[in-house]
Amino acid sequence: MSSGTGMRVVVTGATGNVGTSVVRVLSEDPEIGSIRGLARRIPEWSPPKTEWSAVDLTSGRFDLVEEFAGADAVIHLAWAFQPTHDPATTWRTNVLGGIRVFDAVAEARVPALVHASSVGAYSPGPKDHAVTESWPTHGWPDAAYCREKAYLERALDTFERDHPGTRVVRMRPAFLFKRESASEQRRIFGGRFLPGPLARPDLLPFLPDVPGLRVQALHTDDAADAYRLAVLSPGARDAYNLAADPPVDAELLGEMLGTRRVRLPRTAARSAIAAAWGLHLLPASPHLFDAVLRLPLMDSTRARTELGWRPTRTATEVVEEFLQGVREGAGAPTEPMRGRKVG
């Protein structure tokens, strides 16, 4: 358990978009005594109070119980978005890997588990008003990402029933961006060879305006602060929505970029995405596009009132920072986050 020098926290998926922010935020908090970051590849990056373990959650060769021994909290962030053409592979990594983490938390008797759920776990919902954490979490079943996030919500239901002594927190953030994540997210969703300079407004002849394409965004560092607060707050339990205002849609993007909007039917947009995905030109699947069109807007009141959490950046500022990072090929000194400028 925790020593006299502060809490001990283990973070899975510690070298990705969210993980790098969580590790940094924890390392700067005087109440955190040590951090163990788990990742498939140990990075050159070495923040204060942090030690690394090379761990593959899909492999039985690694003893997660040993990695979690003595921890005051485990923050489970590890997630694989690809390959979208092979959902069995992402299922093994995300769902079976997640269940391995939950089981090890129980066996190691870790007092707190903070799990990275997502807006993607929610069932289809409204775009004109925000929903609370009581909205159903059955996901959009045709999209692997949503299906897997929703399944882990059910796994946590069982975990909480069987292990009432473990404090479980489920974070449900909106889409998370920061400048350093630009290259990683461009590769994941747009492909390795999508030129970053195409994010320049003067190169966009028009901006597609697809009905229903209205989502929320949040800076990754702001999400990381919510994870920190959840670890340090002994009364924090259950789910917390995390999002910044305002909602992002074609109208907002058009104003930001100074680009003319052109209405594009859902069917036309989906057909184009499906064709590119089918030809392996686009990593993001049409099933994920279907899900995004149906994601509800989230009310973050509970995180604000119970955790004292406040986003420090608006969604507009988040998107502007991210697009700048795409143009510059921004990255970070970890394998998933490496920067790369293309085009």
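**Contacts, sheet and helices**

User: Leaving aside neighbours within four places in sequence, which residues is M171 in contact with?

Analyst: This is a predicted model. Contact here requires heavy atoms within 4.5 Å. With neighbours within four places in sequence left aside, the residues in contact with M171 are V114, H115, A116, S117, S118, A226, Y227, A230, Y240, L242 and L307.

User: How many residues of α6 are buried?

Analyst: Buried means under 20% relative accessible area. The buried residues of α6 include T220, D222, Y227 and L232. α6 is mostly covered, and of its 13 residues the number buried is 12.

User: What distance separates the end C-alpha atoms of α6?

Analyst: At 1.5 Å a residue, the 13 residues of α6 should span 18 Å. The computed distance agrees with this, because the end C-alpha atoms of α6 are apart by 19 Å.

User: In what order do the seven strands of the open sheet stand, and why is one side of β3 and of β11 left without a neighbour?

Analyst: The pairing in this sheet is parallel, and the order is β3-β2-β1-β4-β5-β7-β11. β3 (50–54) and β11 (238–242) each have a single partner strand, so one side of each has no neighbour in the sheet: they stand at the edges.

User: Which residue of β4 is the bridge partner of T12?

Analyst: β1 (residues 7–12) pairs with β4 (residues 73–76) in the parallel sense, over four bridges. In β4, the bridge partner of T12 is H76.

User: At about what angle does α3 run to β4?

Analyst: Helix α3 covers residues 87–107 and lies across β1, β4 and β5 (112–116). The angle of α3 to β4 is about 175°.

User: Is S59 buried or exposed?

Analyst: S59 sits in the loop between β3 and α2 (64–68). Its side chain reaches the backbone nitrogen of R61 at 3.2 Å. The relative accessible area of S59 is 14%, and the limit is under 20%, so S59 is buried.

Key:
Residues are numbered from 1 along each chain as its sequence is written. This is a predicted model: local features need pLDDT of at least 70, side-chain atom pairs count only at pLDDT 80 or more; totals for chains, interfaces and linings use all residues. Side-chain values use heavy atoms; hydrogens and water are left out. Two strands pair if DSSP finds at least two bridges between them. Helices (H or I, at least four residues) and strands (E, at least two) are DSSP runs, numbered from the N terminus. Axes are lines fitted to C-alpha atoms, for helices over the stretch in contact, and angles run from 0 to 180 degrees between N-to-C directions. Buried means under 20% relative accessible area, exposed over 50%, partly exposed in between (1.4 Å probe, protein chains only). A polar contact is a pair of N or O atoms within 3.5 Å; within protein, one must be able to donate a hydrogen and the other to accept it, and residues adjacent in sequence count only if both atoms are side-chain atoms. The expected span of a helix is 1.5 Å times one less than its number of residues.
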